[in-house]
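Subject: Structure handover and findings

Dear colleague,

Please find below the structure that I am handing over to you. My notes on what was found in it come after it.

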Amino acid sequence: MISRRILLQRNAQALSRTVKQSQRLLPLAYQPSLSLNSRFLSTSKPDTPTPPTSEASPQEEQPKPFVAPPAWKRRTPEWLLNSPLFVKSVKGLALMLGHNTKTQTAIRETRTMYQLCAEREVKETGFIYVESRLPPTFQTWFMFTNLHVWLLTTRFRALPASHGRVYVQELINHFFLDAEYRLRSVYGPKCPERIIKRTMVDLRDQWNGSTYAYDVAAVTSDAELAAAVWRNVFAARGEKAYKEKDLSEEEREKMLEQRRKENDPEAAVEGSGVEGLEDLPRLLHGYVAHLRREMVRLGQISDEDVIAGRIGKFGRVGALNHPDTAGLELQGKATIQSS
């Protein structure tokens, strides 16, 4: 029979082994955080929480600004540009995409050449509205610009047929697109569409008639060319006044007032009667000289340069009569602003 002393020793040894095992397993057990314990055990007020900062941790990467590579890395290598196979491949790809076709080239180059025609009215306001006494209207802009468009068409028709037709057509397209844009600006956004279409049809008929008149006059004589300019640009100035020269002063004033009510552009121009026609031959001489000079200049440009759009710039119509037109241009701009 086991004595009581032995049982107590065995129980003490078992208890010591259990304590040692529990000490070894203590780090693996769940332990509440100190902050959680302090919240319930401490009697003082908790500290005010610190707001989070926007600074990124060292592990996070900040966005870097774009830095362009150096020029020597972006430039195409010279050996590639000098490679006939590479150049041929790029041109073939551009041709497949339609970039360098005859039509696309004509559209691109005639746009630049038309801008040279459209800017002439802006650069010669003094000669047009002061010296020539033309009314500052849309019709005056259309006919004066059409004069330079016709000059380019005469040169385009001398190109090979495959290029000439396309260049003439695209130049006229740019001309009428600009005319329609300006026309809508004059009439306003509330103008009915039927009026725009009817006016555009009238402009097309005027362009057909003036082009035919200039073509015939260019191969006939300078007198015919001056007559064509007089009919189209000057709207046959003085024709009605010349027919009314035998009337009395009172009858002539009545007819002039009636024409003003009918918005006759000739009646609105000061000095458009018989007494104001003494300068007309000199003005027509300047227009004819300008047209002949520009036709010779354009004829001396090679077909390759014309196709590429390298036609230079037009001269001034009033250069023959007024070499220095600085003051005249200021008067012309004042005339446009007052109209």
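Residues are numbered from 1 along each chain as its sequence is written, and side-chain values use heavy atoms, with hydrogens and water left out.

The protein has a mean pLDDT (the predictor's confidence in each residue, from 0 to 100) of 76, and 62% of its residues reach 70 or more. Over residues 26-49 pLDDT stays under 50, and the model has two contacts (heavy atoms within 4.5 Å) beyond four places in sequence for them. Residues 268-275 also have pLDDT under 50, with 15 contacts beyond four places in sequence. Where pLDDT is low, the predicted coordinates should not be read in detail.

The secondary structure comprises 17 helices and zero strands; these are DSSP runs, numbered from the N terminus, with helices being H or I of at least four residues and strands E of at least two. Of the 339 residues, 32% are buried (under 20% relative accessible area, with exposed over 50% and partly exposed in between, for a 1.4 Å probe and protein chains only). Among contacts with a separation of 6 or more, 72% are between residues 24 or more positions apart.

Helix α9 (residues 138-156) and helix α10 (residues 161-187) have axes that come within 10 Å and cross at roughly 170°. Axes are lines fitted to C-alpha atoms, for helices over the stretch in contact, and angles run from 0 to 180 degrees between N-to-C directions. The two helices are therefore roughly antiparallel (angles over 145 degrees). Residues in this contact include Trp141 and Phe142 of α9 and Tyr167 and Phe175 of α10.

α9 also packs with helix α11 (residues 193-218), at an angle of about 50° and with the axes 10 Å apart.

Arg133 lies in the loop between α8 (125-131) and α9. Arg133 is partly exposed, with a relative accessible area of 21%.

Yours sincerely

Methods. Predicted model: local features only at pLDDT ≥ 70, side-chain atom pairs only at ≥ 80, totals over all residues. Parallel < 35°, antiparallel > 145°, perpendicular 65-115°, else oblique.
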